[in-house]
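Subject: Structure for you, with notes

Hello,

Here is the structure for your files. My notes on it follow below.

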Amino acid sequence: MTESLRNSGEYENPYQGDQQYATAPVNPEWPPPPAYAPAPAPKKRKRGPVALLAAVAIVAAAIGGGTAYGIQELTGNDTVASSSTSTNVVPSSQKGTVSGVAKAVSPSIVEISADSNAGSSTGSGVIITSDGEIITNNHVVSGASQIKVTTNDGKSYTAKVVGTDSKKDLALIKLENASGLKTATLGDSAGVGVGDQVVAIGSPEGLTGTVTSGIISALDRDVTVSTDESQGQEQGQGQGQQGGEWPFEFGGREFNGDTGSDTTTYKALQTDASLNPGNSGGALIDMNGNIIGINSAMYSAAGASSSAAAGSVGLGFAIPINTVKADLATLRAGSTD
């Protein structure tokens, strides 16, 4: 038998026997409790595609412009792996190591040989699509009549220039009859800080797949580059000649050559990772394996002899990858600025 409480202000079980309501309700103004009826089962929420798309839209809006770029690029036919944060390209067991970065990213870095009326040029490039779109420096391929590209596994391809931007010293080339290539992940140079560890990969002096490491030494350095095609050849004029190699200057000092009269200036990342002629167009990479810059210039004291100017002095410069991403649509459209 169910017990009923008879303290003042309380009532008996209203469902016991034939009695419906207690004789002494707790509060006369309260209505009597309703007869028991099972509550309806809650309706299940649909979690189909509509709900999923809404969630994705909310996340994209919260994260901001960098992610919007990645979504735009990933939904097209020309797929570019892009990260607004720091994607872990390097396996967790090798995270933060130079060897881990080199192993993960080297297959996405190529050597470029370009021939023109002004001579020959050797540089590097970064694969951004599996069918052979490659970002490099404008001065590596400027005026080229023939371009040969060698991938990390030793395969050779011919390539054509898709678009150029001499003001930013950028170019986009496309391999012929290429597929299944390993693409690099483009990071976010806005998140780079002074002191961050970095790795550089390229083909200095034609030494394919050379890996060096260092730190970011400074941000937003003004680097001046020639826009003349005749100044774009790195190595074709011979190592023994002054000028004609890397046509850059900073603060009135030369970067391996004369910039000529037609120049442009852009903001660059400064690094002490060793860069040498042939690193142009190669990758500057964070320790998670994201491309944060395209290597473009090295410092050489004005008037230095060819032997003194042959090696790195720990002052290298790279075009921030966000500049590349902002310029990519224009390059794909066939710009020849």
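**Notes on the model**

Asn 276 is buried, with a relative accessible area of 13%. Asn 276 belongs to the loop that connects β13 (263–271) and β14. The side chain of Asn 276 makes a polar contact of 3.4 Å with the side chain of Ser 274.

**Confidence**

This is a predicted model. The chain has a mean pLDDT of 75, with 61% of its residues at 70 or more. Two stretches should be set apart. Over residues 49–77 pLDDT stays under 50, and the model has 17 contacts beyond four places in sequence for this stretch. Over residues 230–259 pLDDT also stays under 50, and here the model has 108 such contacts beyond four places in sequence. Where pLDDT is low, the predicted coordinates should not be read in detail.

**The chain as a whole**

There are 337 residues in the chain, and 44% of them count as buried. The secondary structure consists of 5 helices and 16 strands. Taking contacts between residues at least 6 apart in sequence, 67% join residues at least 24 apart. The accessible surface of the chain is about 16800 Å², and 52% of this belongs to carbon and sulfur atoms.

**The barrel**

In which order do the strands of the barrel close? The order is β2-β3-β4-β7-β6-β5, with 6 strands and antiparallel pairing. On average, neighbouring strands of this sheet are turned by 40° against each other, direction ignored.

- β2 and β3 (residues 119–127) are antiparallel and joined by 8 bridges. A hairpin with 2 residues links β2 to β3. Ser 116 has Gly 119 in β3 as its bridge partner, and Ile 109 is bridged to Val 126 in β3.
- β3 and β4 are antiparallel, with 2 bridges. The bridge partner of Ile 127 in β4 is Ile 134. The hairpin of β3 and β4 has 5 residues between the strands, and Gly 132 in this hairpin takes a positive phi near 105°.
- β4 and β7 are antiparallel and share 4 bridges. Glu 133 stands opposite Lys 174 in β7.
- β6 and β7 are antiparallel and share 6 bridges. Val 161 stands opposite Ile 173 in β7. The hairpin formed by β6 and β7 has 4 residues between the strands, and Asp 169 in the turn has a positive phi of about 55°.

As for burial, β3 is mostly covered, with 7 of its 9 residues buried. β7 is largely enclosed by the rest of the structure, because 5 of its 6 residues are buried.

**Leu 181**

Leu 181 sits in the loop between β7 and β8 (185–186). Is Leu 181 buried or exposed? Leu 181 has a relative accessible area of 13%, which is under the 20% cut-off, so Leu 181 counts as buried. Leaving out residues up to four places away in sequence, Leu 181 touches Ile 127, Thr 129, Ser 130, Gly 132, Tyr 157 and Leu 175. Among these, Gly 132 is the residue with the positive phi in the hairpin of β3 and β4. Asp 131 is 50 residues from Leu 181 along the chain, and the C-alpha atoms of the two are separated by 6.4 Å.

Which residues of helix α3 (residues 98–105) are buried? They are Gly 100, Val 101, Ala 102, Ala 104 and Val 105. An α-helix has 3.6 residues a turn, so residues three or four places apart point the same way. The cover over the buried residues of α3 includes β2 (109–116), β9 (197–202), β10 (210–226), β14 (283–286) and β15 (290–298).

**Phe 317**

Phe 317 is part of strand β16 (residues 316–320). Phe 317 is buried, with a relative accessible area of 2%. Phe 317 and Ile 216 are 101 residues apart in sequence, and their C-alpha atoms are 9.6 Å apart in space.

Regards

Terms used
Residues numbered from 1 in each chain as written. Predicted model: local features only at pLDDT ≥ 70, side-chain atom pairs only at ≥ 80, totals over all residues. Heavy atoms only, no water. Buried < 20%, exposed > 50% of the residue type's maximum accessible area, 1.4 Å probe, protein only. Contact = heavy atoms within 4.5 Å. Pairing = 2+ DSSP bridges. Axes fitted to C-alpha atoms, helices over the stretch in contact; angles between N-to-C directions. Polar contact = N/O pair within 3.5 Å; in protein donor to acceptor, adjacent residues only side chain to side chain. pLDDT = per-residue confidence, 0-100. Areas by Shrake-Rupley, 256 points an atom, 1.4 Å probe, with all protein chains shown as cover.
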